[in-house]
Amino acid sequence: MSKLECDFCGTADSHDNPIISGDNASICKACVNAAHEIMVSGKEPELGNMVETTEEENAAVQLRTPAQLKEILDDYVIGQNRAKKVLSVAVYNHYKRIFRHNEIDDETEINKSNVLLIGPTGSGKTLLAQTIAKYLDVPLAIADATSLTEAGYVGDDVENVVTRLIQAANGDVKKAETGIIFIDEVDKVARMSENRSITRDVSGEGVQQALLKIVEGATVNVPPKGGRKHPGQDAIQIDTTNILFICGGAFDGLEEIIKKKQGGNVLGFNQEKKSKNDDEIISKVEAHDLVKYGLIPELIGRLHMIATLNEITEDDMVHILTEPKNALVKQYVKLFELDDVKLKFEKAALKEIAKLAIERKTGARGLRSILEDIMLDIMYDLPTFKDKTITITKDVVTKEKEPKIA
């Protein structure tokens, strides 16, 4: 005998959601409840409420603990333990606040904890946000603050970032309202400080003011396809109150502000451009240092959790090449396996690749372009190397010799 299915929603008969069967028709308990709600209220229930388990309950069940979130980040991001802990706690508290708010039995209001990530280019700021969003199955929009302008100027309106989030959620506004927006290069829209020109351009303080509105939570009308808003144009209404904002930036020169505050000497002809303990100095950043740098106090007040990322060392680069689940070396090994070719990298070759990436000052993101350049000619002839083993040596990386083929 075939299992009963609801003719309205297609769900199968179960203990929690039994099906009533009549003359050539079947309906489940959830649909009966939904029909009763329509009759009583005179309007259809919201999409997603047709089943007994609510959307909030489903999401809360899937929410991982901070330790579980950090474990996921450890699989993809090398080092940066402090930043991973800060982000894991912020994300856990944010979604706990959204999906378990019904458990608060008094009038206590819990504010969301937006995050500011401070670290050099290529240190993993964007990757942290991407990994968190992927494994929470929430939409993610990434924007570069340098492309944003105040309303009325040529460029992207700040609100277009929200449009991108809706697009990432495939048009599902409800899902977008619990998504994540990552704004990179936020330090580039710092207003001019007292030791620079008084002139402020359109991508400075005005952008911060516009960001402030959506970061703190507001109902925003955005054009469905992005671009400028026009009178009479259809608009999508979205509430940003439960959207988690993660801002990132290199904040070059911030360590000098902190040193000056601590009474340290920031002058001298023989100083290294970046001293060895600058990472430690940056980790002591406080809100008023960021105000001194040029962020408006109101915006800093909405970025409650600050995490600093260290500059990536040569050893870190080698680990990034080989250890994460999506490590570039692992990807190339799999690509070669598909052509029945074994690929090996000597340790000296990996160190040389890491050294090149450090010299280019592009962080971990520079590793792919270096590898693509090294592997291009080899991959061009790859199908002819079936059942062979190709070994990449240091001399191959420096382009002094061809790879070993055996």
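**Notebook: helix packing and selected residues**

I began with the overall make-up: the chain has 17 helices and 14 strands. I took helices (H or I, at least four residues) and strands (E, at least two) as DSSP runs, numbered from the N terminus. The model is predicted, so I note that local features need pLDDT of at least 70, that side-chain atom pairs count only at pLDDT 80 or more, and that totals for chains, interfaces and linings use all residues. Residues are numbered from 1 along each chain as its sequence is written, and side-chain values use heavy atoms, with hydrogens and water left out.

**Entry 1. Chain totals**

I looked up burial for the chain: buried residues make up 41% of its 406 residues. Buried means under 20% relative accessible area, exposed means over 50%, and partly exposed lies in between (1.4 Å probe, protein chains only). I then looked up contacts, that is, heavy atoms within 4.5 Å. Among contacts between residues at least 6 apart in sequence, 65% join residues at least 24 apart.

**Entry 2. H3 against H4**

Two packed helices are described by the angle between their axes and the distance between the axes. The axes are lines fitted to C-alpha atoms, for helices over the stretch in contact, and the angles run from 0 to 180 degrees between N-to-C directions. Helix H3 (residues 66–76) packs on helix H4 (residues 81–99) at about 135°, with the axes 8 Å apart. H3 and H4 are therefore oblique to each other; angles under 35 degrees count as roughly parallel, over 145 as roughly antiparallel, 65 to 115 as roughly perpendicular and the rest as oblique. The crossing of H3 and H4 is right-handed. A crossing is right-handed if the near helix is turned clockwise from the far one by less than a right angle, and left-handed if anticlockwise.

From H3, I listed Pro 66, Leu 69, Lys 70, Leu 73 and Asp 74; in H4 they meet Asn 81, Lys 84, Lys 85, Ser 88, Val 89, Val 91 and Tyr 92. The residues of this contact of H3 with H4 divide into six nonpolar, two polar and four charged. Ala, Val, Leu, Ile, Met, Phe, Trp, Tyr, Cys and Pro count as nonpolar, Asp, Glu, Lys and Arg as charged, and the others, Gly among them, as polar.

**Entry 3**

I next checked ring pairs. Rings of Phe, Tyr and Trp (its six-membered ring) pair if their centres lie within 6.5 Å; planes under 30 degrees apart count as stacked, over 60 as edge-to-face and the rest as tilted. By this rule the count comes to three aromatic pairs. In one of them, the ring centres of Tyr 76 and Tyr 135 are 5.7 Å apart and the planes stand at 40°, so the pair is tilted. Tyr 76 lies in helix H3 and Tyr 135 in helix H5 (residues 125–136), so the pair ties together parts 59 residues apart in sequence. Tyr 76 counts as buried at 12% relative accessibility, whereas Tyr 135 counts as partly exposed at 29%.

Leu 136 is also in helix H5, and is buried, with a relative accessible area of 12%. Not counting residues up to four places away in sequence, Leu 136 touches Leu 63, Leu 69, Val 91 and Tyr 95.

**Entry 4. H16 and its two partners**

Helix H14 (residues 328–337) and helix H16 (residues 366–380) pack at about 20°, with axes 11 Å apart. H14 and H16 are therefore roughly parallel to each other. I listed the contact as Leu 328, Gln 331, Tyr 332, Leu 335 and Phe 336 of H14 with Leu 367, Arg 368, Leu 371, Glu 372, Met 375, Ile 378 and Met 379 of H16. By class, the contact of H14 with H16 has nine nonpolar, one polar and two charged residues.

H15 packs on H16 at about 125°, with axes 9 Å apart. H15 and H16 are therefore oblique to each other, and H15 passes H16 in a right-handed crossing. Ile 353, Leu 356, Ala 357 and Arg 360 of H15 make the contact with Leu 367, Ser 369, Ile 370, Leu 371 and Ile 374 of H16.

**Entry 5. Positive phi**

Lys 361, in the loop between helix H15 (347–360) and H16, has a positive phi of about 55° although it is not a glycine. Lys 361 is exposed, with a relative accessible area of 69%. Phe 251, also not a glycine, has a positive phi of about 50°. Phe 251 is in the loop between strand S10 (244–249) and helix H9 (254–261) and is buried, with a relative accessible area of 1%.
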